[in-house]
Amino acid sequence: MLDQADGYVTADGRKIGSVVMEMRNITLRFGGVEAIKDISFDIREGEIRAIIGPNGAGKSSMLNVISGFYVPQDGEVWYKGALRPPMKPYQVARQGIARTFQNIALFEGMSVLDNVMTGRLTHMKRGLWQQAVWRGPAEAEETANREVAERIIDFLEIQAIRKTPVARLPYGLKKRVELARALAAEPSLLLLDEPMAGMNVEEKEDMSRFILDVNDEFGTTIALIEHDMGVVMDLSDRVVVMDYGKKIGDGTPDEVRNNQDVIDAYLGVSHD
Amino acid sequence: MNTRSEGVNGLLSVPALLHRNAKIFPTAPAYREKEFGIWQTWTWPETLEEIEALALGFVDLGVQEGDFVAIIGRNRPHLYWAMVSAQMVGAIPVPLYQDAVAEEMSYVLNHCGARFVVVGDQEQVDKVIEIQDRLPEFEQMLYLDARGLRKYDHARLHQYSHVQDAGRAKRDELLPEITSRQAKLDYDSTCVMLYTSGTTGKPKGVVLSNRNVIETSKSSSEFDDLRQTDSILAYLPMAWVGDFIFSVGQAMWTGFCTNCPESADTMHTDLREIGPTYYFAPPRVFETQLTTVMIRMEDAGRFKKWLFDTFMAHARRVGPDILDGRPVSQWDRFKYNIGELMIYGPLKNTLGFSKIRVGYTAGEAIGPEIFDFFRSLGINLKQLYGQTEATVFITAQPDGEVRSDTVGVSCPGVELRIAENGEVFYRSPGVFVEYYKNPESTAGTKDAEGWVATGDAGFIEEGSGHLRIIDRAKDVGQMADGSLFAPKYVENKLKFFPNILEVVVFGNDRSECTAFINIDLTAVGNWAERNNIGYASYQELARHPQVMDMIQSHVEEVNASVAQDEMLSGCQVSRFVVLHKELDADDGELTRTRKVRRRIIEEKFADIIAALYDGSSSVSTVTEVTYEDGRKGSIAATLEVRSAEVFPVSQQIAAQ
């Protein structure tokens with residue numbers, strides 16, 4: 001079912017489209033260390049794709065390859081049907097890829113609203129001078145962008161902290177603000193690096209709901225890394241499992257759950 | 001129309017008032033809601049269009065005359081409109097408490113047999129779906145916020161705006177139907193049905209007629225000189241009668257603007273942005289605000305703190321007199337004006353009270369310090385006394401006659417009578433029609449001549465004519481030695497301490513009084529922080545020895561003051577515990593309006609009460625708690641029982 005070129009239908013009836021991003025035989029080395037060994041997989045339009053694996057499996061490296069931060073030594077990254085050349089992070093952002101970070105990378109001194117507005121930067125075309133004078137087109141542009149930002153603030157239910165400096169917020173809310181900023185870019189591919197790390201059960205439930213709602217409401221394609229197996233299995237449509245830099249499983253949560261290699265990797269089998 | 005002797009200018013229903021407003025206030029704002037960071041405004045004609053569109057949609061969906069339409073959600077213009085739309089098509093709106101769990105909702109929805117339900121968002125949709133199998137009469141549900149609902153089965157589910165659109169599309173076809181249904185509404189047809197929160201037993205559906213609502217709105221608006229230019233913030237539960245009268249009744253009558261906050265969490269920001277001229281809050285809200293101000297002043301610099309203390313002391317001395325227009329010396333007046341510039345003005349602005357002309361508090365007794373604090377700032381805060389059965393207003397304080405210990409004089413059109421046992425009775429045009437499907441209770445509350453028992457004991461003060469409420473009549477009892485037992489009187493005195501959130505006093509038929517106490521986590525938590533006392537939870541803080549000492553000193557202070565009162569001196573609290581959990585409506589210990597349910601608490605914590613009376617120094621207990629999502633858990637704790645000093649009553653001894 002998964003091999004159909006024009007997508008598939010999920011158990012809950014969502015239609016998943018064609019391939020948005022394809023990784024072909026990616027290998028990434030740091031000096032003598034091979035962080036990623038010859039991995040291939042794809043991400044399809046509208047799906048929630050998870051990358052899981054034990055500590056040090058190479059998940060974050062993989063995400064950094066997708067986001068263009070690392071350039072693999074071997075292999076090709078195909079995005080929207082074209083081979084992607086090595087590029088700077090801002091070029092990747094302009095291509096419609098947004099991300100959140102494992103260790104939260106917000107502007108601590110700025111308000112939540114300003115942080116979310118920075119997510120709109122790639123959509124602002126006016127120059128520095130016009131932005132500074134803030135007349136005519138620059139004003140209209142900011143109003144339009146503010147509207148998008150406000151819709152996302154409303155969507156993620158962070159109205160009450162709109163004007164609060166990020167530094168004053170608790171961890172769980174910062175995570176949500178970071179998601180808001182990534183969403184403000186209206187990405188075609190959203191990368192989430194451990195969105196639930198360090199959260200309590202209630203915060204995890206909230207975050208899961210938001211991720212599902214984002215996918216449902218905006219049709220955003222989401223690739224996420226997560227430790228919490230329960231969360232991953234509930235959220236994602238397809239899962240890539242990595243261990244020691246290698247791909248050991250790929251498929252629906254049920255397929256992955258029953259994969260012997262995956263079970264071994266998680267329960268622990270001596271590696272030769 | 002003029003041949004009818006009733007109604008005001010032939011306006012016999014809320015929809016009729018709406019039509020009038022759309023005609024005479026064509027550009028005035030009727031409802032505002034903050035959404036996407038901006039205040040969205042609807043003028044009266046726009047409001048009429050929205051309400052009419054939904055009414056047309058209702059007819060299209062098959063809403064019949066006499067149907068009940070339940071409304072569940074936070075305060076939003078669309079939900080207020082849904083109530084008026086329901087009235088327009090001859091149906092009866094029934095607003096429900098949105099934080100009620102599915103179980104409680106199921107009782108009310110079944111009792112009225114609601115065919116249609118209008119809800120705010122997914123949370124409420126889920127609750128109704130959970131219980132729909134037990135609701136034989138339920139047919140269709142409308143929701144406002146579509147988020148998360150895309151994948152739901154839409155066989156019985158409709159988006160609010162889609163129903164409106166369907167209505168608009170069939171306007172020509174269906175409008176005559178609505179016009180004819182509306183013409184049938186008269187002064188005695190049902191306007192709304194509101195369920196009382198029920199301190200005892202199941203909630204009762206109070207049926208209010210157009211006469212009740214319009215007459216009350218008219219006389220109360222005149223009493224306080226409410227005008228079309230006024231504005232209010234609608235943030236109290238929609239199921240509460242007060243909110244219905246303020247945000248629908250009075251708003252429709254005077255044409256003032258109702259503002260809805262962005263979300264429950266942004267209420268204080270929104271309050272500041274709107275700066276309402278007419279404001280209502282239960283004492284709890286004022287308490288919280290005062291606590292917040294005081295906590296923040298503790299953190300202020302020394303000069304600012306001095307400035308605040310100096311001017312507040314001055315305000316306490318002369319502020320209320322200036323507000324009531326009593327003579328104040330030129331110098332004091334001048335000093336007060338400086339204070340207004342430096343402290344009172346900015347403080348009122350921060351609190352969102354800059355423009356208030358009329359402010360009310362009711363529902364519970366308010367601490368004199370809290371009351372005086374707000375009045376000394378120049379905020380015209382008054383008290384009123386009312387209940388659902390009276391369409392709110394029984395008594396209210398006129399400007400210039402405001403005191404913290406009375407609830408005012410009878411409202412225009414209200415007659416008062418005190419029965420021999422001290423219970424307060426009233427009769428007014430606002431007196432409810434009946435309890436729905438409950439003639440027994442109706443007869444028990446309202447007699448043939450229209451007098452209604454309030455269930456409260458009180459007396460009319462000689463001289464001023466103000467009513468003073470002592471306690472719930474059924475809670476007033478006797479101690480073993482025959483002296484009067486009025487728990488509320490003592491509880492209120494204790495609750496006036498910022499550190500104490502809730503108190504339940506026991507002592508009926510007993511030789512001495514004892515109490516359960518809940519600490520206020522904000523105030524005590526702040527105190528703990530200041531004194532470097534670490535704590536992980538409410539439970540841990542509540543049993544800290546220093547906290548116990550502090551509460552004990554409060555109890556003893558109250559005992560000393562209760563001892564002054566000859567009649568109630570028996571009510572001094574001799575032993576108490578600080579409870580290991582906060583009393584909560586989800587556990588059934590409080591009503592949704594946060595009133596204590598004594599009988600349930602007595603049953604639930606019988607083991608602790610036993611320990612209070614058997615002289616033991618501690619008690620171990622396990623208590624079941626309900627989480628927000630309806631799951632249950634339990635907490636175990638060992639509570640320390642403290643004894644407090646009880647003071648002798650000099651008069652009594654002298655009399656013997």
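A residue is called buried if 20 or more other C-beta atoms lie within 10 Å of its own, exposed if 12 or fewer, and partly exposed in between, with C-beta atoms placed from the backbone. The legends below describe a predicted model, in which local features need pLDDT of at least 70, side-chain atom pairs count only at pLDDT 80 or more, and totals for chains, interfaces and linings use all residues. Residues are numbered from 1 along each chain as its sequence is written, while chains are lettered from A and ligands numbered from 1 in the order in which they are written.

View 1. F36(B) sits in the loop between β1 (29-35) and β2 (38-43) of chain B. Its phi is positive, about 50°, although F36(B) is not a glycine. With 16 other C-beta atoms within 10 Å, F36(B) is partly exposed. Now turn to D225(B), in the loop between α8 (210-223) and β10 (231-233) of chain B. D225(B) is not a glycine either, yet has a positive phi of about 55°. It counts as exposed, with 11 C-beta neighbours inside 10 Å. Helices (H or I, at least four residues) and strands (E, at least two) are DSSP runs, numbered from the N terminus.

**View 2. The buried side of helix α5 in chain B.** Helix α5(B) covers residues 122-131, and its buried residues are Q124(B), V125(B), K127(B) and V128(B). They lie on the same side of α5(B), because they cover an arc of only 160° around the axis; the arc is that of the directions from the helix axis to the C-beta atoms. As a reminder, an α-helix has 3.6 residues a turn, so residues three or four places apart point the same way. Packed against these buried residues are β3 (68-72), α4 (102-112), β5 (116-119) and β6 (140-143) of chain B. Two residues are in contact if their C-beta atoms, placed from the backbone, lie within 7 Å.

**View 3. A four-stranded open sheet in chain B.** Follow the strands in the order β17-β18-β20-β21 (chain B), with antiparallel pairing. The edges are β17 (415-418) and β21 (467-472) of chain B, each of which pairs on one side only. From one strand to the next the twist averages 50°, with axes taken as lines fitted to C-alpha atoms and angles running from 0 to 180 degrees between N-to-C directions. Strands β18 (residues 423-427) and β20 (residues 452-460) of chain B pair in the antiparallel sense over three bridges. In that sheet, F425(B) stands opposite A453(B) in β20(B). Two strands pair if DSSP finds at least two bridges between them.

View 4. R284(B) belongs to helix α11 (residues 283-298) of chain B. It counts as partly exposed, with 15 C-beta neighbours inside 10 Å. R284(B) and E364(B) are 80 residues apart in sequence, but 8.5 Å apart in space, C-alpha to C-alpha.

**View 5. Where chains A and B touch.** The contact takes 12 residues from chain A and 11 residues from chain B. On the chain B side, the residues touching chain A divide into six charged, four polar and one nonpolar. Here Ala, Val, Leu, Ile, Met, Phe, Trp, Tyr, Cys and Pro count as nonpolar, Asp, Glu, Lys and Arg as charged, and the others, Gly among them, as polar.
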